[in-house]
Amino acid sequence: MPEGSSVAATVVAALTKAGQTVASAESLTGGLVASTLVDVPGASSAFRGGVVVYATELKATLAGVSAPLLAERGPVDPDVAAALAEGVRERCGADWGLATTGVAGPEPQDGKPVGLVYVAVAGPGGTEVRRLDLSGGRVVIRVTTVTEVLRLLADRLRVSVLPAATA
């Protein structure tokens, strides 16, 4: 079982046990977070839904990110990641909101290097953002991002998952 699937199963079980729900706002992962969560049997008890906001303007119109923030900083930014998580949490009526934004490559975007990723989790106790500096091709960056946003949610839920693989 891939690591992301294992972490997804852990968070779905924890959310279900707590009677809580989650939603996702995804950019570079293009729906892979949602797909990984719904691959878990019983995910419907915890996963509310999500938005794929690949185009920058959709981050504002669908996920509620401030247009001036996007104009000033661009889509690959920690505050944008936080706003995505908070926006999808609110718009989907979930206890938790997840967000991914970054550069999967193969080329840098708006001066941001390939592998620069921000993941965020918004929940009852506030919002947390993690910066990831990843290496590898598009697939590796996207799959690792999914694992890391789910790992961040697991940390916030205070459930144990396998330690991150070391390079």
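In this report, contact means heavy atoms within 4.5 Å, and helices (H or I, at least four residues) and strands (E, at least two) are DSSP runs, numbered from the N terminus. The structure is a predicted model, in which local features need pLDDT of at least 70 and side-chain atom pairs count only at pLDDT 80 or more, while totals for chains, interfaces and linings use all residues. Residues are numbered from 1 along each chain as its sequence is written, and side-chain values use heavy atoms, with hydrogens and water left out.

Helix α1 (residues 3-18) has 16 residues and reaches 23 Å from its first C-alpha to its last, close to the 22 Å expected at 1.5 Å a residue, where the expected span is 1.5 Å times one less than the number of residues. After α1 comes G19, whose phi is positive, near 70°.

An open sheet is formed by 5 strands in the order β2-β1-β3-β4-β5, with mixed pairing; two strands pair if DSSP finds at least two bridges between them. Its edge strands, each pairing on one side only, are β2 (47-52) and β5 (126-133). Within the sheet, β1 (residues 22-26) and β3 (residues 96-102) pair in the parallel sense over 5 bridges, and A25 stands opposite A99 in β3.

| Helix | Strands it lies across | Angle |
|---|---|---|
| α5 (residues 78-92) | β1, β2, β3, β4 (116-123) and β5 | about 145° to β3 |
| α6 (residues 138-157) | β1, β3, β4 and β5 | about 30° to β4 |

Some backbone geometry also deserves attention. Most residues other than glycine have a negative phi, and most peptide bonds are trans. In the loop between β3 and β4, which holds P106, the peptide bond from G105 to P106 is cis, with omega near 15°. D110, also placed in the loop between β3 and β4, has a positive phi near 50° and is exposed, with a relative accessible area of 63%. R158, in the segment after α6, has a positive phi near 60° and counts as exposed at 76% relative accessibility.

Terms used:
Axes are lines fitted to C-alpha atoms, for helices over the stretch in contact, and angles run from 0 to 180 degrees between N-to-C directions. Buried means under 20% relative accessible area, exposed over 50%, partly exposed in between (1.4 Å probe, protein chains only).
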